[in-house]
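Hello,

Here is the structure I promised to pass on. My notes follow below it.

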Amino acid sequence: MSHSVSVSPYGDGPHTGADADGIGARALALVGRSNARVAERITEAKAFTEREVLGCGDDLSTLVSTVRDLIAESDRDAAAEAARSRDVTARFVTGMQQDMAAQQSAVREVLVLADGIQAATASIERLTQMSHILALNMRIEAARAGEHGRGFAVIATQMRDMAGTIRTAADEVNTAVAGVRAGLPTVMAQSASMQERAQRFIAETSAQGEAASQHSGSASAQHARLDSVMALSNAALSHLQFFDPLVKQLDAVGQDLADCELRLQRAIDGHDDAMASDAWHPDAEQQSPTPVSATPVPGGLMLF
Amino acid sequence: MPKNILIVDDSGTVSQQVSMALKQAGFDTVQATDGREGLAAIDTDRSIAMVICDVNMPNMNGLEMVEAAKQKPEDKALPIIMLTTEGQPDMIRRAKEAGAVGWMVKPFDANQLVATAKHLIKA
């Protein structure tokens, strides 16, 4: 143990070596504690940066990628649904149009048939009239023929009755045809109603297609928002680049404190070289190069 | 097709930030913490299309790594950009003579870094 005399920093006269050792020991303990605290803070700061800040940046980047994938999937589903809906609509409309065309064609055929039937009944009416006249003539001749014309009169009567029956049938046919004709406007009206419904359906499915387009439009807006989020996150994280030189400075301070602790210990142990300049940083000259005038500027790029 | 970019920096913070910026632009990244690891990665991973390299690193600094890498004929065309806090003209000159294609000073601008990567890898 050293027994040299030193001057108290408190100005109360020279102290013995034992006092100096006590002061030295306290100073050593103080430096040691400071050193430990600095090292602890540096470790905490680095761990915090990696764990919390950069980790959050990573998490955000992953989350944004996931959301983009979901938006893309939703877009694909909407597009597929819209395409399926258009197919269904197109098939339905085509079918309806074919049915309506067939219906109108059938109505026209019915009208033609009705005309044909009415023409036929008109012929039958003329025949019955002729039959009546013929029957009348036969009765007249039968009356002239007297006894010999009796059979003739019977035939004439039968002819008259037959003409009446035929006339009745013709009337019934005419009535039926009139009924069909009366019903055709209703059929045409129903056909028009179906056409109207088809057009409303087309309008509704067009509106659905419009909604699907708007969905795609909103997806673009969502992507744009995600781009903004990532740009802001990256801008915030870029400030961490200033953290790195700061940590290096703190590391240098920690090293200085460790050296200081070592030298104090050596001084307490009585080594005369504790304060020698070469016992300090052997590579001090390499640690902090004197910066030359700044070219290029931070963030600047120089391509050779 | 994703391109691999090697990031050589002893700072985990910077490495991770550069990696994030490049990955968001569609690149893949590989990281090394000093010049020796960087050189080993260049030798073994032939999918590396570009290198972004710090200068001040332990074991082997960035300038030494560039000089060593460019000794090999197969790596002469590999673009290497220095990304560093340094700005001294003699360092920049040494990097250029060693075969680096550019010098970027920290803190870097992510958009500029990505644009540079796209330009150099396409070339």
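Start with Val173(A), which sits in helix H2 (residues 150-238) of chain A. Helices (H or I, at least four residues) and strands (E, at least two) are DSSP runs, numbered from the N terminus.

This is a predicted model: local features need pLDDT of at least 70, side-chain atom pairs count only at pLDDT 80 or more, and totals for chains, interfaces and linings use all residues. Residues are numbered from 1 along each chain as its sequence is written, chains are lettered from A and ligands numbered from 1 in the order written, and side-chain values use heavy atoms, with hydrogens and water left out.

Val173(A) counts as partly exposed because its relative accessibility is 33% (buried is under 20% relative accessible area, exposed over 50%, partly exposed in between; 1.4 Å probe, protein chains only).

Now the sheet. It is open, has 6 strands and mixed pairing, and runs S3(A)-S5(B)-S4(B)-S3(B)-S1(B)-S2(B). Strand S3 (301-303) of chain A and strand S2 (28-32) of chain B stand at the edges with a single partner strand each, so one side of each lacks a neighbour in the sheet. Strands pair if DSSP finds at least two bridges between them. S1 (residues 4-8) and S3 (residues 48-53), both of chain B, pair in the parallel sense over 5 bridges. There, Ile7(B) stands opposite Ile52(B) in S3(B).

Best wishes
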